[in-house]
Amino acid sequence: MVATGVHVLLGMALVTVIGRSRRAEPYLVAALAAALPDIDTFVFRPLVEFGHVGGVLWSHRALTHSLLAGILVIALCSAVGPWWAAAIGFGSHVATDLLSGGVRLLAPVDTTVYGLSIDWLLLNALTSILAVTVILGGLIGMKSDPRSRVAPHTPDSVVEWLR
Ligand SMILES: [Zn+2]
């Protein structure tokens, strides 16, 4: 299991590289979409423990990590920001979970777990280092970009200067 914070960092790093937006919405949407799949640990687990639902579809990395959930998450997140950022956030979450133990990608149609089992600690560490490096590089790049500099505002008159 890759930590939710690492999923958020990776989604924002990919938006930094792919989207290169100066607006906040793509980053926020990617962070939200990257965090949403793991909501199953908070919502489904109590339902299973109290006996309200059962079966593998309600386990971690099942329904909320499926392609069907991806479509729903992207549609919901696109109401507040760009759909492509939501796709990046959700897709990066599922991709890293595919590498670190697998997901039930085709749930509820097929309950097969697809993926690899790369050590989660190693994957968390490498993903975190990569994501933080990319985000910091993107911020430094934006700051040093001459197109991003805003000309200082000079008042046209003394009256405007006094306001
Ligand atoms: Zn997950």
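Donors are N, O and S atoms within 2.8 Å of the metal. The model is predicted.

In sequence, the donor residues of the zinc ion follow the spacing D-x26-H-x27-H-x3-D. The residues behind that pattern are Asp38, His65, His93 and Asp97.

What are the angles like around the zinc ion? The 4 donor atoms subtend 91 to 170°. Four donors count as tetrahedral if all angles lie between 85 and 135 degrees. The arrangement here is irregular because its angles run from 91 to 170°. Water is not among the atoms, so sites may look incomplete.

Now look at the end of the spacing pattern. Histidine 93 and aspartate 97 both sit in helix α5, which covers residues 83–99. They are 4 residues apart, about one turn of the helix. Are these two residues buried or exposed? Histidine 93 counts as buried because its relative accessibility is 0%. Aspartate 97 is buried as well, at 1%.

Side chains of opposite charge can pair when their charged atoms come close. A search of the whole structure finds 3 salt bridges.

One of them joins arginine 61 to aspartate 97, with the closest N and O atoms 3.1 Å apart. Arginine 61 lies in the loop between α3 (40–49) and α4 (67–77), and aspartate 97 in helix α5, so the pair ties together parts that are 36 residues apart in sequence. Arginine 61 counts as buried because its relative accessibility is 8%.

Another salt bridge links arginine 22 and aspartate 145, whose closest N and O atoms are 3.3 Å apart. This pair connects distant parts of the chain, 123 residues apart. Arginine 22 is in the loop between α1 (4–18) and α2 (25–35). Aspartate 145 is in the loop between α6 (120–144) and α7 (158–162). Aspartate 145 is buried, with a relative accessible area of 14%.

Arginine 23 pairs with glutamate 25. Their closest N and O atoms are 3.0 Å apart. Glutamate 25, at 30%, counts as partly exposed.

Conventions:
Residues numbered from 1 in each chain as written. Predicted model: local features only at pLDDT ≥ 70, side-chain atom pairs only at ≥ 80, totals over all residues. Heavy atoms only, no water. Donors = N, O, S within 2.8 Å, 3.2 Å for Na, K, Ca; no water. Tetrahedral: all angles 85-135°; square planar, octahedral: opposite > 155°, others 65-115°. Helix = DSSP H or I, 4+ residues; strand = E, 2+ residues; numbered from the N terminus. Buried < 20%, exposed > 50% of the residue type's maximum accessible area, 1.4 Å probe, protein only. Salt bridge = Lys/Arg side-chain N within 4 Å of Asp/Glu carboxyl O.
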